[in-house]
Amino acid sequence: MRRSASTLPPAPWLLIVPSLLLALFIISYPIYNIVFQSLHEVSRFGAIRGFSGLQNFYNVFADPVFADSLRRTLVWTGCVVGGTVLISVPVALILNQDFYGRGVARTIIMLPWSVSLTMTAVVWRWSFNDDYGMVNVTLQRLGLIAGPIHWLATPELAFAVEIAVAILVSIPFTVTILLGGLSSVPADIYEAARIDGANAWQQFRKLTLPLLKPFINMAILLNVIYVFNSFPIIWVMTQGGPDNGTHILVTYLYELGFRLGRPGEAAAVSLIMLAMLFVFSMAYLRLQAKGGNAQGELA
């Protein structure tokens, strides 16, 4: 008897089931393991000693270093992502123009992306060294400072330096996204705008920015996820010091798990970070969807 088309197995789904199951296992098992550890007392060597309920979470929330790290993480993420986008938009607009040497300029902008983030942090740590660092030597030769500045010796100054370094290394990725968006914008609309008498600022505000908005949103979301979990810069340059003054959640988590021998509490911090990123991503996507719908209704 001939089978009807409706009774045939869904071939596309069957083809992706193996990959789907593998991806589900790869994602779900670590999450299960972290949840399990966060609810148990765990030795510094990973041995499960007994069920502790929410005690690990209580210990984390009672730790003043956690509260400071949480606040600093929000400042770190906001400053790095905001600074990166603000700088990357004009850089992308310049690199999108047709000028002599554009290929070389694009290569120079992308160079920080080709270097390991850990090695970049090592180089900048040397550059901001008190005695022989390139920054102090250059500023003294220019007569801008009388003596060496201890850049990484005070928490406020060290954290500001790390934010600046993080912005620098985040620009190439963001510029790449924005250049992809600019390349999809047809040149005809700018020609029509110029004929209608629109100046450069009006073209940017009325044409470029609205057409680039989806790519800016993508860059913001990806950068928030990336920067929120960024570990090498702060750990290599200051290891969360001095006096725990530059810790963010990811470095605080590392110190809990590998230096202080409290993996249960480290797992709790990891879940808190996961929940924060999930809530932010869902809220941001929902706001962008509502904004897009509102603009569509007005149009």
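Me: At what angle do helix α4 and helix α7 pack?
Reply: This is a predicted model. In the model, α4 (residues 102–114) and α7 (residues 155–183) pack at about 125°, and their axes are 7 Å apart.

Me: Why give an angle and a distance?
Reply: Two packed helices are described by those two values, the angle between their axes and the distance between the axes.

Me: What do you call the arrangement of α4 and α7 to each other?
Reply: Oblique. An angle over 145 degrees would count as roughly antiparallel, and 65 to 115 as roughly perpendicular. The angle here is about 125°, so α4 and α7 are oblique to each other.

Me: Is the crossing of α4 and α7 left-handed or right-handed?
Reply: α4 passes α7 in a left-handed crossing.

Me: Which residues meet there?
Reply: From α4 they are Arg106, Ile109, Met110, Pro112 and Trp113. From α7 they are Leu168, Pro172, Phe173, Val175, Thr176 and Leu179. The residues of this contact between α4 and α7 divide into nine nonpolar, one polar and one charged.

Me: And α7 with α9, how do the axes cross?
Reply: The axes of α7 and α9 (residues 200–228) cross at roughly 150° and come within 9 Å. That makes α7 roughly antiparallel to α9, because the cut-off for that term is over 145 degrees.

Me: Which hand is the crossing of α7 and α9?
Reply: The crossing of α7 and α9 is right-handed.

Me: What makes the contact between them?
Reply: On the α7 side, the contact is made by Ser170, Phe173, Thr174, Ile177, Leu178, Gly180, Gly181 and Leu182. On the α9 side, the residues are Thr208, Leu212, Phe215, Ile216, Met218, Ala219, Leu222, Asn223 and Val227. The residues of the contact of α7 with α9 divide into eleven nonpolar, six polar and no charged.

Me: Changing topic. How many aromatic pairs are there?
Reply: The count comes to 14 aromatic pairs. One of them is Phe231 with Trp235, which is stacked, with 5.6 Å centre to centre and 20° between the planes.

Me: Which rings are in the cluster with Phe231 and Trp235?
Reply: Ring pairs link Phe231 and Trp235 with Tyr254 and Phe258 into a cluster.

Me: Why mention it?
Reply: Most peptide bonds are trans, and most residues other than glycine have a negative phi.

Me: Which residues there have a positive phi without being glycine?
Reply: Asp243 has a positive phi of about 55°. Asn244 has a positive phi near 60°. Asp243 lies in the loop between α10 and α11, and Asn244 is in that loop too.

Me: How exposed are Asp243 and Asn244?
Reply: Asp243 is exposed, with a relative accessible area of 74%. Asn244 is partly exposed at 32%.

Me: Now Ser69. Where does Ser69 sit, and is Ser69 buried or exposed?
Reply: Ser69 is in helix α3 (residues 64–95). Ser69 counts as buried because its relative accessibility is 0%.

Me: Last one, Tyr190. Where is Tyr190 and what does Tyr190 touch?
Reply: Tyr190 is in helix α8 (residues 188–195) and counts as buried at 17% relative accessibility. Not counting residues up to four places away in sequence, Tyr190 touches Val185, Gln203, Leu207 and Thr208.

How values were computed: Residues are numbered from 1 along each chain as its sequence is written. This is a predicted model: local features need pLDDT of at least 70, side-chain atom pairs count only at pLDDT 80 or more; totals for chains, interfaces and linings use all residues. Side-chain values use heavy atoms; hydrogens and water are left out. Helices (H or I, at least four residues) and strands (E, at least two) are DSSP runs, numbered from the N terminus. Buried means under 20% relative accessible area, exposed over 50%, partly exposed in between (1.4 Å probe, protein chains only). Rings of Phe, Tyr and Trp (its six-membered ring) pair if their centres lie within 6.5 Å; planes under 30 degrees apart count as stacked, over 60 as edge-to-face and the rest as tilted. Axes are lines fitted to C-alpha atoms, for helices over the stretch in contact, and angles run from 0 to 180 degrees between N-to-C directions. Angles under 35 degrees count as roughly parallel, over 145 as roughly antiparallel, 65 to 115 as roughly perpendicular and the rest as oblique. A crossing is left-handed if the near helix is turned anticlockwise from the far one by less than a right angle, and right-handed if clockwise. Contact means heavy atoms within 4.5 Å. Ala, Val, Leu, Ile, Met, Phe, Trp, Tyr, Cys and Pro count as nonpolar, Asp, Glu, Lys and Arg as charged, and the others, Gly among them, as polar.
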